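Please walk through this protein with the model open beside the text. The account takes up rings and charges, then the sheet, the helix and the nonpolar core.

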Amino acid sequence: MVRYIIAALMATMPLFSFAQKHIVVSKKTLQLNVINEKNDTLFTCPIACGKNYGNKKIADDFKTPEGEFEITMMYDATSWKHDFGDGKGMRLGAYGPLFFRLNVPGFNDIGIHGTIFPESIGTRSSEGCVRMRNEDIKALYKYCYVGMKVIIEPSSLSDTLMTS
């Protein structure tokens, strides 16, 4: 009897990858998409990712991590500062209006966020985060929730050379 109850409960439980919205980030095409349970694209926008190719392995390698992650926190980042190493010191609003932290093993400062450099979108220019235009991160907010799955697809230098 218990086996049947467990089987019935499992049959009614949605599979995460098919039953909930998720984000797919392509480092190859520099695009972010929100996909629903029917595999429809609900939202799409251009992004910037890490300056260097490959999967993030160590701090300050300027690579965007690859794999499946979750949003662990969603922050108002308007008062956050960052020093980009360009001689201009700490810059207020460096992460734009919002920052969505990802659970990247070994790193607690990787996320999806806005920017003070909108001209960088569509390029490989970040220190490892997924960077978006401020208006796009605000639009993305309505689709996101803590626990949402984020898939960051890999890209290699050879991919870029073949599509150029």
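Arg124 lies over the face of Tyr53, at 3.8 Å from the ring centre, and a charge is said to sit over a ring if NZ of Lys or CZ of Arg is within 6 Å of the ring centre and within 35 degrees of the ring normal. Lys56 likewise has its charged end over a ring, that of Phe107, 5.2 Å from its centre. The model is predicted, with local features needing pLDDT of at least 70 and side-chain atom pairs counting only at pLDDT 80 or more, while totals for chains, interfaces and linings use all residues. Residues are numbered from 1 along each chain as its sequence is written, and side-chain values use heavy atoms, with hydrogens and water left out.

The rings also pair with one another. Rings of Phe, Tyr and Trp (its six-membered ring) pair if their centres lie within 6.5 Å, and planes under 30 degrees apart count as stacked, over 60 as edge-to-face and the rest as tilted. By this rule there are seven aromatic pairs. In one of them the centres of Phe43 and Tyr143 are 5.8 Å apart and the planes stand at 35°, so the pair is tilted. Because Phe43 lies in strand E3 (residues 41-46) and Tyr143 in the loop between helix H3 (134-141) and strand E12 (149-153), the pair ties together parts that are 100 residues apart in sequence; helices (H or I, at least four residues) and strands (E, at least two) are DSSP runs, numbered from the N terminus. Both Phe43 and Tyr143 are buried, where buried means under 20% relative accessible area, exposed over 50% and partly exposed in between (1.4 Å probe, protein chains only).

Trp80 and Phe99 form another tilted pair, at 5.2 Å centre to centre with 45° between the planes. Trp80 is in the loop between strand E5 (67-76) and strand E6 (81-83), and Phe99 is in strand E8 (residues 98-102), 19 residues apart. With 24% relative accessibility Trp80 counts as partly exposed, whereas Phe99, at 2%, counts as buried. Trp80 and Phe99 belong to one aromatic cluster with Tyr75 and Tyr95.

Turning to the sheet, eight strands form an open sheet in the order E3-E2-E1-E12-E5-E8-E9-E11, with mixed pairing; two strands pair if DSSP finds at least two bridges between them. E3 and strand E11 (130-131) stand at the edges with a single partner strand each, so one side of each is left without a neighbour in the sheet. E9 and E11 pair in the parallel sense over two bridges, and Ile112 stands opposite Val130 in E11.

Which residues of H3 are buried? They are Asp136, Ile137 and Leu140, and seen down the helix axis they fall within an arc of 100° (taken from the directions from the axis to the C-beta atoms), so they line one face of H3. The face turned away from the buried side of H3 carries the exposed residues Glu135 and Lys138. Among the elements covering the buried residues of H3 are E1, E2, E3, E8 and strand E9 (111-113).

A nonpolar core is a set of buried Ala, Val, Leu, Ile, Met, Phe, Trp, Tyr and Cys residues joined through side-chain atoms within 4.5 Å. The largest has 27 residues, of which Ile23, Leu32, Ile47, Ile112, Met132 and Leu140 touch the most other members. E8 gives the largest share of this core, three residues.

Notes:
Contact means heavy atoms within 4.5 Å.
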